Amino acid sequence: MRLLVSQHNIGKWAAYYVYKKIREFKPTKSKPFVLGLPTGSTPLDMYKELIKFNQQKLLSFKHVITFNMDEYVSLPDDHPKSYHYYMFNNFFNHIDIDHKNVNILNGNATYLDYECKVFEEKIAGFGGMELIIGGIGEDGHIAFNEPGSSLNSVTRVKTLNYSTILASSRLFGDKVEDTPTLALTMGIKTILDANEVLIMAKGLNKSQAVAHAIEGSVSSMCPVTALQMHRKAVMLCDEYAAFELKLKTIRYFENLKDEYYNLEQEVATKGFTN
Ligand code: GLP
């Protein structure tokens with residue numbers, strides 16, 4: 001797992017990365033780019049920037065298939081806090097993606113286990129995801145894989161733990177009693193099976209989880225640590241999210257001069273594309 005502590009807006013950075021990856025891939029109808037996507041406040045800048053790329057005709061989503069990481073159970077799709085609503089409102093309605101290529105778990109399906117199975121099979125049917133972008137919870141959860149989740153888990157129904165319900169309650173008028181307690185989520189194995197993983201972390205409240213993710217041991221109690229076993233995963237942080245890391249850790253990754261370092265230099269000298 002790599003680390004990049006960026007001096008730039010990490011949302012814009014991630015958008016630039018996605019832009020480059022899709023363009024390099026040169027997707028076509030028969031060879032689409034399969035992209036995993038998150039929700040939350042952290043990726044909002046990324047979506048805004050990707051919309052700009054699309055509207056300036058620098059990037060097309062015509063041959064991009066998306067799979068969202070997770071969705072609440074029992075929240076209507078048109079509920080302003082559902083992940084369906086978030087994704088269409090903040091992204092899909094503003095780009096040239098064919099809505100048939102959008103895959104978001106249906107938390108209102110009659111048979112939730114079946115919904116999860118079909119979702120997992122659909123990802124596999126496309127040969128897996130090329131790139132998945134994610135966020136991170138304060139307790140180290142990814143998607144809705146809460147502490148204690150099997151590192152071998154696939155898409156399934158998950159009971160949310162109290163700290164996640166509490167964190168989500170800000171979206172539900174600070175009312176814990178109105179906050180969903182169940183979700184459908186990609187599993188950790190589903191995420192690990194992607195060719196590339198980019199996790200974004202912003203703000204001091206993520207700094208403990210980031211330190212554990214990079215410097216801690218692999219543990220189901222901190223699900224993001226599973227990414228240490230991935231061939232090509234990167235943690236993209238702002239300076240605050242990097243606060244709990246050791247300086248020697250930060251220096252080590254800075255000195256790797258890998259593709260993330262190169263992109264950081266490119267952005268520092270040329271700025272973002274648009
Ligand atoms: C929820 C989502 C996660 C997301 C996390 C952090 O738990 N299921 O996918 O990473 O929130 O969200 P934020 O970016 O708002 O901190």
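At 13% relative accessibility, Lys21 counts as buried, where buried means under 20% relative accessible area, exposed means over 50%, and partly exposed lies in between (1.4 Å probe, protein chains only). This is a predicted model, in which local features need pLDDT of at least 70, side-chain atom pairs count only at pLDDT 80 or more, and totals for chains, interfaces and linings use all residues. Residues are numbered from 1 along each chain as its sequence is written, and side-chain values use heavy atoms, with hydrogens and water left out.

## Lys21 and its partners

Let's stay with Lys21 for a moment. Its side chain forms a salt bridge with Glu196, and the closest N and O atoms are 3.0 Å apart. The pair links distant parts of the chain, since Lys21 sits in helix α1 and Glu196 in strand β9 (residues 196-201), 175 residues apart. Helices here (H or I, at least four residues) and strands (E, at least two) are DSSP runs, numbered from the N terminus. Glu196 is buried as well, with a relative accessible area of 8%.

Lys21 also forms a salt bridge with Glu259, and here the closest N and O atoms are 3.5 Å apart. Again distant parts of the chain are linked: Lys21 in helix α1 and Glu259 in helix α9 are 238 residues apart. Glu259 is partly exposed at 34% relative accessibility.

What counts as a salt bridge? The rule asks for a side-chain nitrogen of Lys or Arg within 4 Å of a carboxyl oxygen of Asp or Glu. By this rule the count comes to 13 salt bridges. As a general point, side chains of opposite charge can pair when their charged atoms come close.

The side chains of Glu121 and Lys117 meet in a salt bridge of 3.0 Å, N to O. Because Glu121 and Lys117 are four residues apart in helix α4, about one helical turn separates them. Glu121 is partly exposed, with a relative accessible area of 45%, and Lys117 is partly exposed too, at 47%. Elsewhere, salt bridges that share partners join Lys21, Glu196, Lys232 and Glu259 into one network.

| Pair | Closest N to O distance |
|---|---|
| Lys21 and Glu196 | 3.0 Å |
| Lys21 and Glu259 | 3.5 Å |

## How α1 and α9 pack

Two packed helices are described by the angle between their axes and the distance between the axes. Helix α1 (residues 10-25) and helix α9 (residues 259-270) pack at an angle of about 110 degrees, and their axes are 11 Å apart. That makes α1 roughly perpendicular to α9, given that angles under 35 degrees count as roughly parallel, over 145 as roughly antiparallel, 65 to 115 as roughly perpendicular and the rest as oblique. The axes are lines fitted to C-alpha atoms, for helices over the stretch in contact, and angles run from 0 to 180 degrees between N-to-C directions.

## A patch on the surface

Tyr111, Tyr114 and Val118 make a nonpolar surface patch of about 370 Å². Patches are made of residues with over 30% relative accessible area and no salt bridge; like charges are joined within 9 Å, and nonpolar side chains (Val, Leu, Ile, Met, Phe, Trp, Tyr) within 5 Å. The areas come from the Shrake-Rupley method with a 1.4 Å probe, and for residues only the protein chains shown count as cover. Tyr114 lies in helix α4 (residues 112-125) and is exposed, with a relative accessible area of 56%.

## Backbone and contacts

Which residues have a positive phi without being glycine? Ser74 is one of them, at about 75 degrees. Its place is in the loop between β4 (70-72) and α3 (83-90), and Ser74 is exposed, with a relative accessible area of 55%. Lys257 is another, with phi near 45 degrees. Lys257 belongs to the loop between α8 (247-254) and α9 and is partly exposed at 45% relative accessibility.

Thr42 is found in the loop between β2 (33-37) and α2 (44-55) and is buried, with a relative accessible area of 10%. The C-alpha atoms of Thr42 and Met200 are separated by 7.1 Å, although the two are 158 residues apart along the chain.
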